[in-house]
Amino acid sequence: MPVRTSLAEIETESLSMKTRTATGTGVLLRLRCLLPTLLCQIRLTALACSALWFSLAGCSDDQQKALVDAAKKASEQTSEAVGNAAEKTKQGAADLAKGAGELADGAKQAAESAVQSAAETASNVMEQAPDALKGAASGLAEVVAPTPGEATISVDETYIFSGAFIGLMKVPASPGESARQVLQVKSYKGSEEESYPSFFFQAKVEADSLSSLEGSKVEGDLFVLPSRDSSVWFCDSGTSVTIELESLAPSGNWKGKLTQGRLSSTSGPNMQVRGNFSAVELTVADPGLSASKVQATTTKSACIDPGRLVAQ
Amino acid sequence: MNDRTMLLWKTTRFLAFLLFVSTAHRLLAADPQAQDPFDTLGVHGVVPEAKTLHERLSEHDASIRASITKIYASTKEIKERDFCQLYVKVEQYRRWQRWLSECREAAARDFQFRERVYSQKLQEIAVKFWSSPSARVAQQKVLQKLTRANSNRLKQLEKILKTLEGGDARRAEEQYYQLHDSIFSEAAVLAATQKKTLNEQLSQVRGPVDAAMVPVRKEAAVQAFAKDREKFQSYCSAIVKKLSSAVAEHEANSNPQGTALLQQVCTDWRNAHRGLVRLATLHSDTEKAEELYQRILKALEQHVASEANRIDSTESAKEKYHQYRVLLADVAARQSAPDFAARMQTALRPLAEKAGIAGEVRAYTLATTDLLRWRSRVAAAKARLAMENTSTPAELSRANLSDGVNAVSIYGTTGESPVLLKAIPETIPAIVQGLVGKSVHVSEVMRLDSEAELSMSRIRDGFFAKVDHKMLDHKMLSTDEAVSKLKRDLLLGAQDKPLTIEATMALQTAVQGDFQHAAGTITGVSVEAAQARMASLPNVASRLVAWDEVGQLHSNSGSQGHASQTRLLIRLDIEPAWVQHRYFFVGDASFGDTETGENRPNSESDETLKSSDGEPTSVNP
């Protein structure tokens, strides 16, 4: 299984802040762009924490614990730093990458030896991490970047996705017909944000909310696209995949498993599929759901019910 | 090369021509729908004279061919009457073909190729005839008669010259050739030396008459084309104006018949579509076609968006929303631009809000769009893989019908589309040999109307294909199951309607049998002149050119000027092995062979449309 993130140390000398956390090269580059503004400082905190969650999947238990502690501490430091950031931002971020990667090798080794237990441990940590975030961005919660969730699906090989999102869509009934509810789990919010590998699950359900599906098994269609131009894994005629929506974790993410099913490939034979996810619930505020002139009052366990969408 | 060798070569060439043609007949005999290799190309008839000339030439073509074959097959001495009739007909054929070419018709080029063969054969027959004893007797009689009629003939010629000097070149031409044909209905028996004086006498008049008529015909063509262009530009502009005024009326809240108006506009637009195709192909007026298309699109968008301002009742708005949704799905199916449906859906938003169903539409969009997108990915990936086993018609045609590969090429040195480089009776057998029985895949196959048993693929690179829907069931390619699955994916119960244009299009096209791609074996071909066909598409067939691709028709041809006049449009009859709808794939994905794969170097091809009666349908907007 490939290790997608590595542990790194970020030194933000210009802000008198030292954050020891996990990040990948992409995060470093993003941090470089974000530093010049106050809002970017806030985002830095969120990104650093979310990057930590990813990296934990590849670390041993001790390392993860230590990292969580470090993250909490760093978050507290960041919170203080944010207060002063507006004045200090102009000083610039001199060398974000300095020291980055120091811990990468160690993390990779740890990841290789802890691959099997990583997913489960990671999800535990994910429940703790948002708390750390909340503390870090206290008073600035409205602008904290949303967590992307995560998912892993094994077919011909194991695919790890950059995010996982879950939503329940409710379409009102026509006269003489029943209402139509659709459960979706996917690796992106809106199609314009899709990256690869990518997956999409959809099932017709009879449920008013995600909560009412907790613990139940749902059969539906699953698609997996390993890369932009590759062949597609899909449920062929007469077949389906079953997922089990396990629980709403304290983090606010819905945990679930792909418990059975087979996928066919557009270029080869069908294979058994397994997987699990910890998905962020989609709300109408998300890009994939947002509509102009439409506002919503949704709660975490609410479905996307057009009856609650109010036209301005 | 001496005369004897030359004669032998010519004879052999014509024998080969006849043999080739008879082979073509055998090849095509298996398919009752196959085109007769002696069919002449149709005309667009922008210049009115073209249709008359084409009719005469087609009749003469069959008649001359029959006469030559009969004389050639007979061991008896050639009859004086038969020879004279043949002689006059070939002469008429030659000049009519010349006149037809002034009308800018591809068919003229075909007649020119044929005339060369017929003239050569006539020469051979004449040599044989002149050597017979009966001919010598006939020659003496004719010479005596010509001498007696000399003064009268001179008077007639003088009269014709006066008519010409009077400025009526057409009348002079008519009078001259009437006299000419009358003389040679007997004088044809004369050997070249015997009619030298006569020819000199006649040429004194024929020369000035022909010379006077060249500019007359050229000017007539220029005027006819200008008139045609103006007529179709005005017609297309009128539709834009109609739509714009409709929008204005709606804004003024004075027109209560919005949907009916849009329906009318959609119908009118189909007519305008034909007009745009004609402008682009016949007049190379791609800019005008593109400009009109954009104006129509913008007007339509404004019209739809303004509808909500006029409606007060929620129920009425809801009804209108669904009427527009269905109409616009049909309009969208005529585009190739992928964003058209989304653009119109946005234009419909005010109406949905007024109808109180904006949230419902939004939820339905969320519940269906992603699934449709993934279904299309699967279908496209399957088709992509399946298409690796086959070629496009253009690739296949390039491989088998290019110069150096086949004795008869349909590709010029610079053109990308098939063009007429040999007579049709030679070209069709070559095309049959190069394409029939081979595997191909084609794009954008659609029913011309919902009742049609046949589907046609969009015209691409000079080719299009005909797919028989009955064949789908026969080949176990029923799409019923896939359509049912699609309906489930679209959350449609028996009473439900799709709520978006995209979903409506998905269902309409699936039920109707419009496919993104199809592959199969070529079972027949049909060839037409591209300009003649495109300029007179039946209304229902205008779908074969996407509205937003009309402007590209001419530039895609790769041919200009005279070459564009000889472009061919080739129709392939296909027995399908698989079809790919945007959201499903049905059939044998392994169909095809790598041998055809070899036939895919680099070319584009065109497809010909033939109307049901075999003649181009006239366009009377």
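The model described here is predicted.

## The two chains

Start with chain A. Its secondary structure consists of five helices and 15 strands. Of the 312 residues in chain A, 50% are buried. Chain A exposes about 14200 Å². Sequence separation comes next. Among the contacts in chain A with a separation of 6 or more, 56% are between residues 24 or more positions apart.

Chain B has 22 helices and six strands. It holds 621 residues, and 56% of them are buried. The accessible surface of chain B comes to about 26500 Å². Carbon and sulfur atoms account for 50% of that surface. Residues 24 or more positions apart make 81% of the contacts in chain B with a separation of 6 or more.

## Helix 18 of chain B

Helix 18 of chain B covers residues 501-512, which is 12 residues. From its first C-alpha to its last, helix 18 reaches 16 Å. That is close to the 16 Å expected at 1.5 Å a residue.

Which residues of helix 18 of chain B are buried? They are B:I501, B:A503, B:T504, B:M505, B:A506, B:L507, B:T509 and B:A510. The cover over these buried residues includes helix 11, helix 12, helix 13 (358-386) and helix 17 (480-489) of chain B. Strand 5 (568-581) and strand 6 (584-587) of chain B are also part of the cover.

## Helices 11 and 12 of chain B

Two of the covering helices also pair with each other. Helix 11 of chain B spans residues 314-332, and helix 12 of chain B spans residues 340-354. Their axes come within 9 Å and cross at roughly 175°. An angle over 145 degrees counts as roughly antiparallel. Helix 11 and helix 12 of chain B are therefore roughly antiparallel to each other.

## Helix 2 of chain B

Helix 2 of chain B runs over residues 49-73, a stretch of 25 residues. At 1.5 Å a residue it should span 36 Å. Its end C-alpha atoms are 36 Å apart, which agrees.

The buried residues of helix 2 of chain B include B:L53, B:L57, B:I64, B:I68 and B:I71. B:H54, B:H60, B:D61 and B:R65 are also among the buried residues of this helix. An α-helix has 3.6 residues a turn, so residues three or four places apart point the same way.

## B:V378 and chain A

B:V378 lies in helix 13 of chain B. Is this residue buried or exposed? B:V378 is buried, with a relative accessible area of 6%. Leaving aside neighbours within four places in sequence, B:V378 is in contact with A:F223, A:V232, A:F234 and A:T266.

B:V378 and B:I501 are 123 residues apart along the chain. Their C-alpha atoms are separated by 21 Å.

A:G163 sits in the loop between strand 4 (158-161) and strand 5 (165-171) of chain A. Its relative accessible area is 1%, so A:G163 is buried. Not counting residues up to four places away in sequence, A:G163 touches A:P148, A:G149, A:E150, A:A151, A:K186, A:S187 and A:F199. A:G163 and A:Y188 are 25 residues apart in sequence. In space they are 6.2 Å apart, C-alpha to C-alpha.

A:P197 is found in the loop between strand 6 (180-186) and strand 7 (198-205) of chain A. The peptide bond from A:Y196 to A:P197 is cis, with omega near 5°.

## Positive phi in chain B

B:E444 lies in strand 1 (residues 439-447) of chain B. Its phi is near 50°, a positive value in a residue other than glycine.

B:D461 is not a glycine either, and has a positive phi of about 55°. The place of B:D461 is the loop between strand 2 (454-457) and strand 3 (463-468) of chain B. At 23% relative accessibility, B:D461 counts as partly exposed.

Terms used
Residues numbered from 1 in each chain as written. Chains lettered and ligands numbered in written order. Predicted model: local features only at pLDDT ≥ 70, side-chain atom pairs only at ≥ 80, totals over all residues. Heavy atoms only, no water. Axes fitted to C-alpha atoms, helices over the stretch in contact; angles between N-to-C directions. Helix = DSSP H or I, 4+ residues; strand = E, 2+ residues; numbered from the N terminus. Parallel < 35°, antiparallel > 145°, perpendicular 65-115°, else oblique. Buried < 20%, exposed > 50% of the residue type's maximum accessible area, 1.4 Å probe, protein only. Contact = heavy atoms within 4.5 Å. Areas by Shrake-Rupley, 256 points an atom, 1.4 Å probe, with all protein chains shown as cover. Expected span 1.5 Å × (residues − 1).
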